[in-house]
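Let's take a tour of this model, one piece at a time.

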Amino acid sequence: MKTTRRNLLKGGLAAATTATMVGYGPKSARAQRRNEARYVPHADLRVLDPIWTTANISAYHGAMIYDTLFGIDANLNPQPQMVGQYNLSDDRKTHTFVLRDGLRWDDNTPVTSADCVASMLRWKARDGAGQHMWQRVTDLSAVDEKTFKLVLREPYGLVLEALAKTSTPLCYIMKKEIAETDPNTQITRHIGCGPFKFVESEYRPGTRVVYEKNPNYVPRSEPASGIAGGKRVHLDRVIWDIMPDAQTAASALMAGEVEFYEVPPIDIVPALQAAPGVKIEVLSALGNVGYCRLNHLHPPFNNVLIRRAAQLAVNQEDFLRAAIGNPQYYRVCGSHFTCGSPMGVEDGSEMLNQPMPARQARARELLREGGYNNMPVVVLHATDIPVMNQAAQVIAQNLRQIGMNVILASSDWGGVVTRRSVKDPPVVSGNSTTGGWNIFFTWGGGNSTASPINLFAHAATGQNAWFGWPENALNEQLRNEWAAAPDLATRRAVAQRLNRNMFEYVHDIKTGQWFGPAAYRSDRLRGVLPVPEIGPPWWNIERIG
Amino acid sequence: MMAYIVRRLLATIPVMAIVGIFVFMLLHLSPGDPAAIIAGDNATEANVAAIRARLGLDRPLYEQFVSWVWQTVRGDLGVSMFSNLPVTTLVMQRAEPTIALALTTLFVAITIAVTLGVLAAWRAGTLVDRVVMGFAVMGFSVPVFVVGYMLVYVFAIQLRWVPVQGYQSIFDGIGPWLHRLILPSVALGLAYVALIARITRASMLEVLAEDYIRTANAKGVGTGRMLLRHALKNAAVPIVTVIGIGVALLISGVVITESVFNLPGVGRLVVDAIARRDYPIIQGVMILFAGVYVLVNLTVDIAYTFLDPRIRY
């Protein structure tokens, strides 16, 4: 064929069309070269307002696009983050904060102290720790564009801890006009001052969340540590691929279709460990802490003797072996404040060291002393979350072993979270139950659980407490003492008394601590930092392959 | 015929109304509170109550029902309680993968199943027949997710011929689109293959015993022409019926397949919504599914008239 301009043009067009049809055109090649990472988080991001919900995944989203005034470092100490200078008055009542230079929103407007004031007010309306602090606050106001002050009626030792805390909701700073949204209404605009920008046009709930590097973000000069320090972003994009199926996520990681799988089930970990290029690493040193909430409002657990019997009967080792399996990733823990944390004291938990037959014998005695009359104990049983499913069954069996009459009320987790708020007594008819409940199982992040104040579930304020509604005046007195304590040693001493008291009146029953490892492609990513709780921090991570 | 179609289309309205009422009552009377799920694990009771009030879930059930009906009648399926996005937007975002999976599955299943069914009928009683029917029984017995995992392990992880998961739009090129749909279509299609192949075989056996087939053979008509032109066309009515009925099976299969292969389709949307009690999504998608099912049945009924001229409406 004669080579003419027309023939060349035709050939080129045909080749381009074919390449586009089969998808190997320039666009596809560009996609391969992108400096991006794909991440499978533990849950779907449905709610984009990390103040409106306490869901952890929304807090992860918050960490991507917002920043906090203070952040917890790898040693769990609060460090300045958006704040450049911080001053505490001599009477320890006035806290003055000055924002550091260069802070801008991703719409390129400056961050001001008015933004911080509005954000703190919205946060405290939703957060237990914020509300605890606000009982002492007399004023929060902007002094100038970059300075604001918080005035308290009395010294309070947890101001920085509350502002830096990683238990949800975190005190994320939002633009004033967005932060002025009613705390009970979800925000609809997502302008951040954090290391990444939320790409709203690519957001597909239930499928995909996309973030891009925020060019307006100025990191601190210190090295990144925990969720504090210099959040230097090396990736152009981070894509969250929502995968409901664990096996699919693991296969995608092994095949190199994603780079990071946040919480692979423990039984899949050996297969991932054997896969080339995949690294298994525990990123949250404090892991998770499981606990059974007992309903203190109704029999039988309104009787402290019966609660003590149940506490003796529930065997952490049984639960951990059933739910986690691999001893490398769990430990028995006698602390209400997370073993391994600064407050991880185990005073009062000595009974956990006794052999089970002795514990069970004592538990049976306590049931007799407490006048237990074989009344049914309704255990809420979430069947759709493996750890919850196994926990309820193990707890039920442990209680049956000491002679309690246990009925599992099975539903999905959505059913459990609804029913746990019912304060009426449970009604049992044959094998079916309605109304309230006696026991449900849940867990919290180790870092959140480590603070007597930050975790609302530690309160024992009766009808105003978290589900289970424990009431104990000494618990509240000690929590307040802990909050006012000036230093770590004093706090730890108070925590020892608190822990002993919580075991005595059986605030709830701890079921042990476990450490879910993350799995990621170490042949593609480097710089993954251990974090106290809020997901893998995508700053500091570089793509190397 | 046109009057029949119009009548059938009008009949979809009461069907969808009944489905809507049923789904609404089922959802609102079953346990589960979206406000509690939205609020999250660390929320106080006051937080949950405030969200419930904000979403209007504290209103009497009849008020919620009336407002939902009024909204739906105006073509508004509502807004997701969680993501704050309109249900129609969410469905539109998810429609392409589901439609693509359904169509490719039907294509794969019908092509393989009809071929195998005709083959088995033609060689009835022989080893070929037994192998085909054995394969059909196996395809129907093994759950979709087991087939899916096996296919992923062999073809995606070991051989690396296809990706493990994900979907690529047809607008990014037919090649990548097909590349990502092969495994899900085969996994989901196997159950269909079994169902359709068995019906094809049974229907073909009946037709092959007819006098006109014997006459065709006597006239020296070739085997292929006899099977496809004379026998298959006359055996097609039950096959088309089963394909239509199978759409319901396909809808449930799509839900599982979309999870196993991480396809961002409508099936996953509704399963996630059920877990979270996101009422507007569940109600909206159920009504759409009901509408699709009614339309598929209508299409099947119309197809009969082309396959068998004796059928008239």
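## Chain B at a glance

Of the 313 residues in chain B, 39% count as buried. Keep in mind that you are looking at a predicted model. Chain B has 12 helices and 0 strands, so its pattern along the sequence is simply α-α-α-α-α-α-α-α-α-α-α-α.

What about contacts along the chain? Among those in chain B between residues at least 6 apart in sequence, 73% link residues that are at least 24 apart.

## A helix with a kink

Now zoom in on helix α7 of chain B, residues 144-158. This helix has 15 residues and spans 20 Å from first C-alpha to last, close to the 21 Å expected at 1.5 Å a residue. Where is the kink in α7(B) centred? Look at V152(B): the helix bends there by about 30°.

V152(B) is also one of the buried residues of α7(B), along with V144(B), V147(B), G148(B) and A156(B). The cover over these buried residues includes α8 (174-208) and α10 (223-260) of chain B, and also α8 of chain A.

## Where the two chains touch

How many residues of chain A are in contact with chain B? The count is 44 on the chain A side, and they meet 48 residues of chain B. On the chain A side, the elements giving two or more residues are α1 (5-22), α8 (246-254) and α14 (413-419). By type, the residues on this side of chain A split into 13 nonpolar, 22 polar and 9 charged.

## A sheet in chain A

Chain A holds an open sheet of 7 strands, in the order β8-β9-β10-β1-β11-β21-β12, with mixed pairing. Why do β8 (196-198) and β12 (278-281) each have a side without a neighbour in the sheet? Both stand at the edges with a single partner strand, so one side of each is left without a neighbour.

Inside the sheet, β11 (residues 260-261) and β21 (residues 518-521) of chain A pair in the antiparallel sense over 2 bridges. In that pairing, F260(A) has Y520(A) as its bridge partner. Helix α3 of chain A, residues 56-65, lies across β8 and β9 (208-213), running at about 120° to β8(A).

Most residues other than glycine have a negative phi, and most peptide bonds are trans. A few places here go the other way. In chain A, a cis peptide bond joins T168(A) and P169(A), with omega about -10°; P169(A) sits in the loop between α6 (159-164) and α7 (176-179). Another cis bond joins P299(A) and P300(A), with omega about 0°, and P300(A) is in the loop between β13 (288-294) and α10 (304-313) of chain A.

For positive phi, check T338(A), where the value is near 70°. This residue is in the loop between β14 (330-331) and α12 (356-369) of chain A. Is T338(A) buried or exposed? T338(A) has 25 C-beta neighbours inside 10 Å, so T338(A) counts as buried, the cut-off being 20 or more. N262(B) has a positive phi too, about 50°, and lies in the loop between α10 and α11 (266-276) of chain B. N262(B) counts as buried because 29 C-beta neighbours are inside 10 Å.

Technical notes: Residues numbered from 1 in each chain as written. Chains lettered and ligands numbered in written order. Predicted model: local features only at pLDDT ≥ 70, side-chain atom pairs only at ≥ 80, totals over all residues. Helix = DSSP H or I, 4+ residues; strand = E, 2+ residues; numbered from the N terminus. Buried ≥ 20, exposed ≤ 12 C-beta atoms within 10 Å, placed from the backbone. Contact = placed C-beta atoms within 7 Å. Pairing = 2+ DSSP bridges. Axes fitted to C-alpha atoms, helices over the stretch in contact; angles between N-to-C directions. Nonpolar A, V, L, I, M, F, W, Y, C, P; charged D, E, K, R; others polar. Expected span 1.5 Å × (residues − 1). Bend = angle between axes of the 7 residues up to and from the residue.
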